[in-house]
Amino acid sequence: MRVAAAQYAIGAPVDFAAFADRVAERVAAAVQAGARCVVLPEYLALEAAAIQAAPIRADFVRSLHALQAIRDDYPALARELAMRHSIHLVAGTFLAEVGSGRFRNRAWLATPGGALAFQDKLTLTGFERASGVIEPGDAIKVFETDFGRIAIDICYDIEFPLHARAQAEAGARLLLVPSCTDTIAGANRVRIGCQARALENQLYVACAVTAGDAAWSPALDTNTGSAAIFTPVDRGFPSDGIAAQASPDADWAIADVDLDALEHGRRDGQVSNFADWPRQRRSALAHARVERL
């Protein structure tokens, strides 16, 4: 199966229709390249905040409230694109109001049959906590699809091994990571997290990123990182664990993933990271012993 992870250059659409056209054009390009599973980046919906008046879009919290005007249109767009192209589409994330002026950073997943599901971000960054209005999700999910079980880890979440481990133990073989980072360090943290999760769980990880500059947005002003698709590091996989990485001027990282090969790797590989995970939990290793030198 071919997977495409976006390296999405942020623009300034003049209305929701223009935003929808931008997203549709990019998704169509990935489908033209043969992708059956497409991942768009975190905070993608905030590109649509460009249509707001300047004083509103410059204020992150006011912008989130104004964005709720399209909260139904956004997943509807994802659903329509997934059905049109017969793909599974992670439509980036939308900051959805959940009551009492609180929001969750929500990644929508749309299927070829028109089903919609979501994964909320579980661990907030300092920026999100400082907003005072974003709260973490309270459920780790895995989604059953025609090609196997998949899961979503939103940006910072991929830096925490127990989230991905729970998903892997529930059968996920492909982790989809919508991300948005504004420093090279942040991009590297996400990349390292993706590679670490691919290694320790012996699965695939596809990471989509925002790109370019959007001075009008307090959240999307500067964007860093490279879209990439990561693999286990063992026999039958790339020796560096990278199946594809987008060049700076590219829109996509695209690679074929073989979920059956993961089972062969877990059974016949040089190492057994997935199976050996419980060995860390031996009672003798529950606490580190401090020795004075």
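Okay, a definition to start: helices here are DSSP runs of H or I with at least four residues, strands are runs of E with at least two, and both are numbered from the N terminus. Ground rules next. This is a predicted model, so local features need pLDDT of at least 70 and side-chain atom pairs count only at pLDDT 80 or more, while totals for chains, interfaces and linings use all residues. Residues are numbered from 1 along each chain as its sequence is written, and side-chain values use heavy atoms, with hydrogens and water left out.

Pockets, then. On a 1 Å grid over the protein atoms alone, a pocket is an open set of points where a 1.4 Å probe fits, with protein on both sides within 12 Å along at least five of seven lines, and a lining residue has an atom within 4 Å of a point. Points are joined across faces, edges and corners, and the volume is the space filled by probe spheres set on them.

The largest pocket holds about 320 Å³. It has 19 lining residues, and T125, F127, C180, T181 and D182 sit closest to its centre. Helix 5 (126-131) and helix 7 (184-201) are the elements giving two or more residues, and helix 7 has the largest share, three. By class we get eight nonpolar, four polar and seven charged; nonpolar is Ala, Val, Leu, Ile, Met, Phe, Trp, Tyr, Cys and Pro, charged is Asp, Glu, Lys and Arg, and the others, Gly among them, are polar.

Of its 14 lining residues, A187, N188, R191, G225 and S226 are closest to the centre. Helix 7 gives the most, five residues, and the lining splits into seven nonpolar, six polar and one charged.

So what does helix 7 pack against? Helix 6 (residues 161-169), at about 40 degrees with the axes 10 Å apart; axes are lines fitted to C-alpha atoms over the stretch in contact, and angles run from 0 to 180 degrees between N-to-C directions. That makes helix 6 oblique to helix 7, since under 35 degrees counts as roughly parallel, over 145 as roughly antiparallel, 65 to 115 as roughly perpendicular and the rest as oblique. The contact (heavy atoms within 4.5 Å) is made by P161, A164, R165 and A168 of helix 6 and R197, E200 and N201 of helix 7.

Last pair: helix 1 (residues 16-32) and helix 4 (residues 73-85) cross at roughly 30 degrees, with axes coming within 11 Å. They are therefore roughly parallel to each other. Their contact has eleven nonpolar, one polar and two charged residues.
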